Structures are given as structure tokens and as C-alpha cells.
Amino acid sequence: MLEARSLAAIRGERLVFRDASFLLEPGGALLLVGPNGAGKSSLLRLLAGLTPPAAGELLWDGENALDDPPLHATRLCFVGHLDAIKPGLTVAGNLSLPRRIPPAAIVAALETVDLDRFADLPARLLSSGQRRRLALARLALSPAPLWLLDEPTTGLDTASVWRLEQRFAGHRAKGGMIVAATHLPLDLPGTQSLDLSRIAA
Amino acid sequence: MSRFIALIRRELILAMRHAGDSVAALLFFVIAASLFPFALGPSPQVLAGITPGVIWVVALLAALLPLNRLFGADFEDGALDQLMVSGLPASAVALGKMIGHWLTTGLPLLIIAGPVAVMLRLDPVLLPRLLLTLLPGTILFSLVGGMSAAITLGARGGTVLLPLIALPLMIPALIFGAAGVVVPHPVAEFAMLFGLLALFLPLAPLAAGAALRAAVS
């Protein structure tokens with residue numbers, strides 16, 4: 001269970017948002033909406049423990065999550081707006097870069113984003129939408145319950161968006177949690193949404 | 001621990017894929033060192049006297065070359081964010097990258113320093129001592145250089161700033177390293193070198209970790 005209490009973020013000298021509060025139960029999903037610059041990415045980075053909050057608390061199962069950032073990191077899988085793809089490695093090589101992963105698991109992860117045909121292709125040959133899909137394939141390799149996604153559907157075709165929605169549903173059915181920042185409508189039944197423009201400073 | 005080993009494995013895979021960076025540092029070392037006989041003349045007496053200092057200074061400059069990309073490449077493509085949420089403390093991420101730098105730059109420099117020193121007419125008796133000073137020396141280059149790279153990460157003009165921060169911090173290592181090769185009984189010099197190592201081994205990863213946290217936030 002992830003609970004945010006009156007979180008605030010400062011970028012540069014500017015207060016981006018304040019009083020961002022929500023409660024996310026296992027199986028829940030939260031969409032962060034708001035215009036550009038409303039602080040969606042800042043809030044995601046804050047939830048990931050990358051940025052310390054300017055005010056407020058982030059609780060995981062009732063305990064302060066940011067007391068121990070490395071422990072908090074094991075609970076989450078973060079897909080930021082940068083794809084973190086090394087162009088010199090193959091598509092499969094990119095997935096097994098952080099740690100050694102059995103080839104079968106790599107193929108299975110690539111199948112979830114329909115990139116398994118390109119496993120041996122250098123990643124620099126991928127289109128921007130395919131790079132996005134490769135970044136999203138990391139979700140399949142992570143056992144973490146909390147998915148933090150920054151504009152996950154940018155550059156994706158409709159079939160890939162549909163596949164992503166199926167994976168979201170599967171993850172939530174297993175008790176996983178999703179926080180996604182997005183401009184495009186995502187078909188996620190029973191989601192809360194947090195409009196950051198309304199709580200902007 | 002397995003995460004830490006996975007990080008070093010990652011650094012080695014990436015270094016092998018982009019071998020140009022390491023090879024460029026090595027070639028720079030060989031070429032820059034071989035410029036000295038051209039400028040000073042091939043007289044063995046002159047060369048033998050300056051060789052320990054030349055090797056040390058050129059190795060230091062060569063070790064600086066790949067530092068720019070040590071954190072910079074991962075910072076730009078978002079991989080540093082992934083490393084910071086990999087479950088390792090930021091200082092462990094920094095230490096892993098410093099070890100990666102030593103394995104791909106420091107160790108090759110150490111291996112090639114022997115032949116280059118012989119080429120520059122170093123007295124063969126002094127050769128083991130040169131390598132023995134360069135062993136803590138190259139580790140110090142990776143620690144202090146990695147710390148400077150983390151501190152200048154994301155700063156405007158970081159490319160210029162990095163050597164300006166790293167080089168003054170390397171001066172103590174340079175003094176005692178180069179002196180340790182030539183003085184008759186280099187006990188104090190070696191004590192100072194390993195003392196510096198004992199100082200920077202905990203300090204550099206901690207400082208670099210704090211700098212990395214600030215860079216990604």
C-alpha cells in the first residue's frame with residue numbers, strides 16, 4: 001500500500017506542486033494528469049525516491065518509504081521519459097545489461113512488447129516507438145509490485161497501447177500497483193486520477 | 001552483493017562494446033610518452049632521469065580521458081536513473097563505476113606502463129618500483145577522478161571543470177608516486193601513497209554518491 005501525504009516538489013526555485021495526497025491499494029492504479037510542467041514527472045521521480053520531497057511524507061505499508069531509498073527501490077520498477085537504451089548493444093543485450101537473465105526470460109519479456117523478432121538487432125536500429133517498447137519490456141523482468149511510468153504510451157501504435165493495457169490489467173490482478181503520468185487516455189478500469197494542475201502552487 | 005557484481009559486469013560489457021574509449025586512453029598514453037624523446041633528444045642519461053615523472057604525469061592525464069563519459073553517458077540516456085533505483089545505495093553505484101574505470105583504464109595503463117618505461121630508458125632495476133607505485137596510483141586516479149566526474153555531472157562546462165577539480169587533488173599522489181620510484185629508501189613515499197588510498201577509498205565513493213543523488217534529483 002502506497003500512501004502520499006501532502007507531498008510537495010520544488011524544481012529550481014519554483015514550487016511545482018504541493019499537497020499531493022493519494023492512497024493506492026494493492027491492485028490499484030493512479031493516473032497523473034495535468035498540463036506540461038504541472039509536475040507529473042517530478043512526482044514520479046519523487047515516488048521513485050530519486051528526488052527528495054520538499055514537504056510531506058511517502059508511506060509504504062504505513063512506514064516512511066524514503067528512509068531507506070535502496071530498499072524502496074526494490075519495490076518499484078521505474079520507466080522514465082528517457083528510455084535508458086544503449087544503442088551499441090542488441091535488443092536482448094539491453095535487457096540483460098543490468099543483470100544476467102536467462103535467454104528464455106528475455107524472449108518472454110520481448111514477446112510482451114512484440115519485439116522478440118528483433119532480439120539480435122542492434123538497438124540503434126529501433127524506431128522511437130520500438131525503443132519505448134523495449135524500455136517497457138523491463139516491466140516484465142521486474143518482480144516489483146509498484147510500476148512508475150512516465151508517459152508510457154508516447155510513440156506507441158494502437159496495438160501496442162492495447163497490449164500495454166492488457167499487461168496493466170494483469171499486473172493489477174496480481175496485486176500490483178501502477179502510477180502513470182499520461183496525456184493520452186488509457187483504458188484502465190477503476191483508476192483514480194490526480195490532477196496536478198488543480199493542486200499546483 | 002550480487003547487485004554490485006552485476007553492476008561491475010555491466011560496466012565491463014559496456015566498456016567492451018565501446019572499446020574505443022579505453023583504447024584511446026591507452027594510445028594517448030603511449031603517444032604522449034613517446035613525444036618526450038623527440039622533444040628532449042634520445043640521450044639515455046636525460047631520459048632515464050625524467051622517465052618516472054613522465055610516466056606518472058602521462059598516466060594521470062590518460063586516466064582522465066574516459067572520465068567524462070563515466071557517468072555522463074548514463075546520465076544523458078536515463079540509465080543513471082535506472083542504476084539509482086536498482087536497489088544499490090548511490091555510493092555503491094559510484095564505487096562500482098570507479099572499479100569499472102580502473103579495470104578498463106587503470107589496469108591496462110599499469111600493464112602497458114612497463115614497456116613504455118623501458119622504451120624511455122628507465123633503469124630496469126627501478127621498473128618493479130614504478131609499477132608498485134602505479135598500482136595504488138591508478139586506483140587513486142579512478143577514485144579521485146570518479147569523484148570529480150560525479151561532482152561535475154550535469155554542470156555547464158563540466159568537461160572543462162572535471163580536470164580542474166581532479167588534477168589538483170591528484171598532486172599529492174603524483175608527488176609521492178614519482179618520488180617513490182627514484183629515492184633510495186621510499187618507505188615514507190609508499191606510506192603516503194597507501195595512506196592516500198586509505199583516505200579516498202571510503203571518501204570518494206561517499207562524495208560521489210552524494211553528487212549522483214544531487215545530479216538525478
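**Notebook: a helix pair and a chain contact**

I began with two helices of chain B: the axes of α3 (residues 44–64) and α7 (residues 127–151) come within 10 Å and cross at roughly 30°. I keep in mind that this is a predicted model.

How are α3(B) and α7(B) oriented to each other? Angles under 35 degrees count as roughly parallel, and therefore α3(B) and α7(B) are roughly parallel to each other. I also looked up the hand of the crossing of α3(B) and α7(B), and it is right-handed.

Next I listed who makes the contact. From α3(B) come P52(B), I55(B), W56(B), A59(B), L60(B), A63(B) and L64(B). From α7(B) come L130(B), L134(B), G137(B), T138(B), F141(B) and G145(B). Sorted by class, I find 10 nonpolar and 3 polar residues in this contact, with no charged ones.

Then I turned to the UniProt record. Its unreviewed entry places the feature "transmembrane region" on chain B at residues 21–40, 46–67, 102–120, 132–155, 161–183 and 190–212. I checked two of these spans in the model. Residues 46–67 of chain B are 91% helix and 0% strand, with end C-alpha atoms 33 Å apart.

Last, I looked at where the chains meet.

Notes: Residues are numbered from 1 along each chain as its sequence is written. Chains are lettered from A and ligands numbered from 1 in the order in which they are written. This is a predicted model: local features need pLDDT of at least 70, side-chain atom pairs count only at pLDDT 80 or more; totals for chains, interfaces and linings use all residues. UniProt positions are given in the numbering used here, feature names are shortened, and annotations may be inferred rather than shown by experiment. Helices (H or I, at least four residues) and strands (E, at least two) are DSSP runs, numbered from the N terminus. Axes are lines fitted to C-alpha atoms, for helices over the stretch in contact, and angles run from 0 to 180 degrees between N-to-C directions. Angles under 35 degrees count as roughly parallel, over 145 as roughly antiparallel, 65 to 115 as roughly perpendicular and the rest as oblique. A crossing is left-handed if the near helix is turned anticlockwise from the far one by less than a right angle, and right-handed if clockwise. Two residues are in contact if their C-beta atoms, placed from the backbone, lie within 7 Å. Ala, Val, Leu, Ile, Met, Phe, Trp, Tyr, Cys and Pro count as nonpolar, Asp, Glu, Lys and Arg as charged, and the others, Gly among them, as polar.
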